[in-house]
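User: I have a model open beside its sequence and would like to learn how to read its features one at a time. Could you take me through them, giving the general idea before each case?

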Amino acid sequence: MEKQYHRTVALDDLTISSSDEGRITALLGPNGSGKTTLIKILVGLVHPTAGEAFLRGVPVRDDAASVQVRRNAAYVSEDKRLYAYMTVQQILNFTRPLFPNWSIQREHALLAQFKLPPDRRFKALFKGMRTKLSLVIDLSRPRKF
C-alpha cells in the first residue's frame, strides 16, 4: 500500500498482516514515518494512493463497507477538535445520541476514573484532560469486533 500527499510520500510499499485474534500491534517510528497516516487509512479517514487496506477483512477503501470499521474502531487524534465553548457534560450529552450502543455506565465509570470535571469547558481543559475526554467518548461505545 502507498500513500502520497502531493509530492510527499507518507507510505511506500507497506505490507502488514495479522490474523491472530486479540493481537496488539505497535507502530514505532520517527516523526513523519507514516504511523498516523496508516491508522487514518485503517479507520477510513483517508484512502491509500495505491494498493488496498483491510481491517478484519473489511475493505476500508469501500465507503459503504467501511461503515462497519468506523463503527467498531476508535481513533483519538493528537489534535482533538471538539466544541471549545461546551463543557465536558455538554459534549457528552451532544455525542451520546450519535451512538445507539452508548454505555452510560461506562461513561460514568470513565468520568470518575479520569477525574474529569463535568462543568469545565473544553477550552479550559489541559491537553491530557482533552485526551481523557476523547477516550471517554470512544470507549463509551462498545465494539463488535
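Analyst: Let us begin with burial, for which one cut-off is needed: a residue counts as buried when its relative accessible area is under 20%, as exposed when it is over 50%, and as partly exposed in between. Please keep in mind throughout that this is a predicted model. Threonine 37, which is placed in helix H1, has a relative accessible area of 11% and is therefore buried.

User: Which residues does threonine 37 touch, if those up to four places away in sequence are not counted?

Analyst: With those neighbours set aside, threonine 37 touches Lys3, Tyr5, Ala10, Leu11 and Val46. Among what covers the buried residues of H1 are strand E1, residues 3-5, and strand E2, residues 8-11.

User: How should I read the burial pattern along a whole helix, and which residues of H1 are buried?

Analyst: The general idea is that an α-helix has 3.6 residues a turn, so residues three or four places apart point the same way. In H1, which spans residues 35-42, the buried residues are Thr37, Leu38 and Ile41. They lie on the same side of H1 because the arc they cover around the axis is only 100°. After H1 comes glycine 44, with a positive phi near 80°.

User: Which residues other than glycine have a positive phi?

Analyst: Two cases can be described here, each with its place in the chain and its accessibility. Aspartate 13, although it is not a glycine, has a positive phi of about 55°; aspartate 13 is found in the loop between E2 and H1, and at 60% relative accessibility it counts as exposed. Lysine 115, also not a glycine, has a positive phi near 55°; lysine 115 sits in the loop between H4 and H5 and is exposed, with a relative accessible area of 68%.

User: What does alanine 50 contact, leaving aside its neighbours within four places in sequence?

Analyst: Alanine 50 belongs to the loop between H1 and strand E3, residues 54-55, and is partly exposed, with a relative accessible area of 30%. Leaving aside neighbours within four places in sequence, alanine 50 is in contact with Met1 and Glu2. The C-alpha atom of alanine 50 is also separated by 9.8 Å from that of leucine 11, although the two residues are 39 residues apart along the chain.

User: How many salt bridges does the structure hold, and where do their partners lie?

Analyst: For this feature the cut-off is a side-chain nitrogen of Lys or Arg within 4 Å of a carboxyl oxygen of Asp or Glu. The structure holds two such salt bridges. In one of them, the side chains of arginine 96 and glutamate 107 meet at 3.0 Å, N to O. This pair links distant parts of the chain, eleven residues apart, with arginine 96 in the loop between helix H3 (88-95) and helix H4 (104-114) and glutamate 107 in helix H4. Arginine 96 counts as partly exposed at 21% relative accessibility, whereas glutamate 107 is buried, with a relative accessible area of 0%.

User: Aspartate 138 also forms a salt bridge; what is its partner, and is aspartate 138 buried or exposed?

Analyst: The partner of aspartate 138 is arginine 141, and their closest N and O atoms are 3.8 Å apart. Aspartate 138 is buried, with a relative accessible area of 10%, and arginine 141 counts as buried at 6% relative accessibility.

User: How do I read the packing of two helices?

Analyst: Two packed helices are described by the angle between their axes and the distance between the axes. The axes of H3 and helix H5, residues 127-139, come within 11 Å and cross at roughly 25°, which makes H3 roughly parallel to H5. The crossing is right-handed, and the contact is made by Val88, Ile91, Leu92 and Thr95 of H3 with Leu133, Val136 and Ile137 of H5.

User: Why are H4 and H5 described as roughly antiparallel to each other?

Analyst: The axes of H4 and H5 are 9 Å apart, and the helices pack at an angle of about 160°. Angles over 145 degrees count as roughly antiparallel, and H4 and H5 are therefore described in that way. Their crossing is right-handed, and in it Arg106, Glu107, Leu110, Leu111 and Phe114 of H4 meet Lys132, Leu135, Val136 and Leu139 of H5.

Methods
Residues numbered from 1 in each chain as written. Predicted model: local features only at pLDDT ≥ 70, side-chain atom pairs only at ≥ 80, totals over all residues. Heavy atoms only, no water. Buried < 20%, exposed > 50% of the residue type's maximum accessible area, 1.4 Å probe, protein only. Helix = DSSP H or I, 4+ residues; strand = E, 2+ residues; numbered from the N terminus. Arc of directions from axis to C-beta. Contact = heavy atoms within 4.5 Å. Axes fitted to C-alpha atoms, helices over the stretch in contact; angles between N-to-C directions. Parallel < 35°, antiparallel > 145°, perpendicular 65-115°, else oblique. Left-handed = near helix turned anticlockwise from the far one by under 90°.
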